[in-house]
Amino acid sequence: MSNPVREIHQCQCAVCAAASDERVVRYHRQINLLLSRLNESQRRWYVGVLSQEPDSPGDVQLSLISGVDEKTIHRGRQELQADLLDVPLERERHSGGGRWLSEKKTQR
C-alpha cells in the first residue's frame, strides 16, 4: 500500500507572492511542507502554536500562509490552552463526526 501524497499548500501572503524575501518564502514553504505530513488535528495544533509565538502574524495572515481556516486556528489554540484534555487519544475525530453512511442517507 503506497502512502498518498498530500499536496503542499502554496503560501498566499504578499511576501511569498512577490518573492520579496527569500528567507520568509523558505520558512513559509517549510511550514507548509511539515503541515502536509501531519493529520488534521496535528495541523490545527501546530498552527495554533505558531499563532502564539512572539511577533506571530494574526490568524488571517496565518491562514494565508498555511491554508488552515481562521476558525480552525482559533480552535487549535483553544485545545492547546485546555491541555488537549477534551481530545480523544484513540481517534482523530470525535465519535459521531464525519459523513452519514450511504445507507442511512438514502433512508431519510
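Which residue caps the N-terminal end of α3?

**View 1. The N-terminal cap of α3.** N39 caps this end of α3, with a side-chain oxygen 3.0 Å from the backbone nitrogen of S41. This is a polar contact, that is, a pair of N or O atoms within 3.5 Å; within protein, one must be able to donate a hydrogen and the other to accept it, and residues adjacent in sequence count only if both atoms are side-chain atoms. The model is predicted: local features need pLDDT of at least 70, side-chain atom pairs count only at pLDDT 80 or more, and totals for chains, interfaces and linings use all residues. Residues are numbered from 1 along each chain as its sequence is written, and side-chain values use heavy atoms, without hydrogens and water.

**View 2. The buried side of α3.** Buried residues (under 20% relative accessible area, 1.4 Å probe, protein chains only) of α3 are S41, R44, W45, V47, G48 and L50. They pack against α2, α4 and α5 (70-81). Helices are DSSP runs (H or I, at least four residues), numbered from the N terminus.

**View 3. The largest nonpolar core.** Its 12 residues are C11, C13, C16, I31, L35, L38, V47, L50, L62, I65, V68 and I73. Two or more residues each come from α2 (22-36), α3 (40-50) and α4 (59-66). Such a core is a set of buried Ala, Val, Leu, Ile, Met, Phe, Trp, Tyr and Cys residues joined through side-chain atoms within 4.5 Å.

**View 4. S51 in the loop between α3 and α4.** S51 is buried, at 14% relative accessible area. Its side chain reaches the backbone oxygen of G48 at 2.6 Å. Not counting residues up to four places away in sequence, S51 touches S56, D59, L62, I73 and R77 (contact: heavy atoms within 4.5 Å).

Note on methods:
Buried means under 20% relative accessible area, exposed over 50%, partly exposed in between (1.4 Å probe, protein chains only).
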